[in-house]
Amino acid sequence: MQTPVYRDATQRNLLQSIMSSGLETFFAESRATVESALDELVPAADAEPKRLHEAIRWSLFAGGKRFRPALLFAVGKIFNAPSEKLLRTTAAIEMIHTYSLIHDDLPSMDNDDLRRGRETSHKKFDEATAILAGDALQSLAFQAISEDENLGADLRLRLVSEIARAAGTPRGMVAGQQLDLVATGKKIAIEDLEKIHQNKTGALIVVSARAGALIGDATNDEIEIITNFAEQLGLLFQITDDLLDATSSTETLGKTAGKDSNSQKSTYVSLTGIERAREFASHSHSRALANLERLPRDTSLLKDFVVSASERKS
Ligand code: GRG
């Protein structure tokens with residue numbers, strides 16, 4: 001039997017207020033709502049195997065921005081999707097994102113000690129547990145959607161398929177991570193960097209937006225506009241990440257600042273310099289907004305998303 005992912009009136013009210021608020025409140029409430037769903041969908045810390053579940057919760061509840069769930073909720077809102085239909089998919093995407101961060105920090109990848117303001121999983125626990133925590137989060141994500149009784153079978157299948165593609169390969173997050181590893185220490189063309197970012201970071205952001213549109217029963221034309229919008233938003237998010245790595249502090253970021261240049265990563269900043277990277281960000285910002293102009297719906301919340309992706313500090 002499916003565990004209900006909102007238990008009481010408080011949770012239901014939270015979901016309703018998400019559907020009628022300004023961006024800051026929207027983010028805060030969306031975060032509270034998805035965290036409540038995550039808490040229900042992930043095994044308790046005292047359930048066996050305890051070490052694994054503690055590790056999953058250590059990374060999942062470490063204070064991430066919950067940008068992708070908020071984007072999914074916001075797009076769903078535009079298409080009048082009932083909030084309970086969006087909930088498990090937002091949680092699933094956050095689980096996949098968290099798995100990717102745990103694995104990205106491993107000694108065999110970025111070898112980082114700090115994530116979301118606390119010790120990385122392999123530092124706090126051990127490498128094997130961190131690998132398993134990431135693996136389990138990925139399985140739990142697909143379980144959450146495939147067992148979501150608020151969605152019809154066809155829609156569940158479509159979401160599972162789209163999210164699997166976005167998280168995997170040949171055009172998805174895992175592919176992007178591999179391309180990124182291969183490009184490290186090399187001077188690559190800006191088009192190749194864009195391809196890395198589209199896969200590594202963009203694909204999950206794009207599928208978050210598309211999932212909101214799919215659950216909201218958007219038309220194919222509307223889904224295409226949302227996809228084009230989210231592609232630019234994803235690029236903007238990543239270029240801003242490159243700029244923050246070069247210009248912000250470890251304390252503000254909650255992860256190691258200056259990591260990209262220290263590990264000879266190809267980034268917009270390393271390939272083009274800070275000023276040019278800002279121009280690329282501004283270009284994506286404008287193109288994201290231009291796409292929204294093509295959608296004859298109230299897109300003011302999504303416009304605020306574009307501004308917040310440009311101006312984020314962490
Ligand atoms: C290991 C399969 C695998 C993939 C890793 C996402 C990723 C791919 C690596 C993370 C490396 C990185 C710093 C990418 C830049 C953009 C990005 C995804 C930042 C982290 O996402 P945020 O800012 O993080 O949404 P929070 O902690 O707020 O959720």
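In this predicted model, helices α4 (residues 67-78) and α10 (residues 190-215) pack against each other with their axes 7 Å apart and at an angle of about 30 degrees. Because angles under 35 degrees count as roughly parallel, α4 and α10 are described as roughly parallel to each other, and their crossing is right-handed. On the side of α4, the contact is formed by Phe67, Arg68, Leu71, Leu72, Val75 and Gly76, which meet Thr201, Leu204, Ile205, Ser208, Ala209, Ala211, Gly212 and Ala213 of α10. Sorted by class, the residues of this contact between α4 and α10 comprise nine nonpolar, four polar and one charged.

A second pair, helix α5 (residues 83-104) and helix α8 (residues 153-167), has axes that come within 12 Å and cross at roughly 20 degrees. This angle, too, is under the 35 degrees below which helices count as roughly parallel, and α5 and α8 are therefore roughly parallel to each other. The crossing of α5 and α8 is likewise right-handed. Here Thr89, Ile93 and Ile96 of α5 meet Leu159, Ile163 and Ala167 of α8, so that, by class, the contact of α5 with α8 holds five nonpolar residues, one polar residue and no charged residue.

The packing of helix α3 (residues 50-60) on helix α7 (residues 127-146) is described by an angle of about 75 degrees, with the two axes 9 Å apart. Since angles from 65 to 115 degrees count as roughly perpendicular, α3 is roughly perpendicular to α7. The residues Arg51, Leu52, Ala55, Ile56 and Leu60 of α3 meet Thr129, Leu132, Ala133, Ala136, Leu137 and Leu140 of α7. The contact of α3 with α7 divides into nine nonpolar residues, one polar residue and one charged residue.

Around the ligand there are 20 residues, of which Lys65, Arg68, His97, Arg116 and Asp241 come nearest. For three of these side chains, individual distances to the ligand can be given. In arginine 68, a polar side-chain atom is placed 2.8 Å from an oxygen atom of the ligand, and this residue, Arg68, is also among those of α4 that meet α10. In histidine 97, a polar side-chain atom likewise lies 2.8 Å from a ligand oxygen atom. For arginine 116, an N or O atom of the side chain is found at 2.8 Å from an oxygen atom of the ligand.

Several features of the backbone lie in loops between helices. Most residues other than glycine have a negative phi, and most peptide bonds are trans. Against this background, the peptide bond from glutamate 48 to proline 49 is cis, with omega near -5 degrees, and proline 49 is located in the loop between α2 (23-41) and α3. A cis peptide bond also joins threonine 169 to proline 170, with an omega of about 15 degrees; proline 170 has its place in the loop between α8 and α9 (173-183). Arginine 66, a residue other than glycine, has a positive phi, near 60 degrees, and is found in the loop between α3 and α4.

Definitions and conventions. Residues numbered from 1 in each chain as written. Predicted model: local features only at pLDDT ≥ 70, side-chain atom pairs only at ≥ 80, totals over all residues. Heavy atoms only, no water. Axes fitted to C-alpha atoms, helices over the stretch in contact; angles between N-to-C directions. Helix = DSSP H or I, 4+ residues; strand = E, 2+ residues; numbered from the N terminus. Parallel < 35°, antiparallel > 145°, perpendicular 65-115°, else oblique. Left-handed = near helix turned anticlockwise from the far one by under 90°. Contact = heavy atoms within 4.5 Å. Near = heavy atom within 4 Å. Polar contact = N/O pair within 3.5 Å; in protein donor to acceptor, adjacent residues only side chain to side chain.
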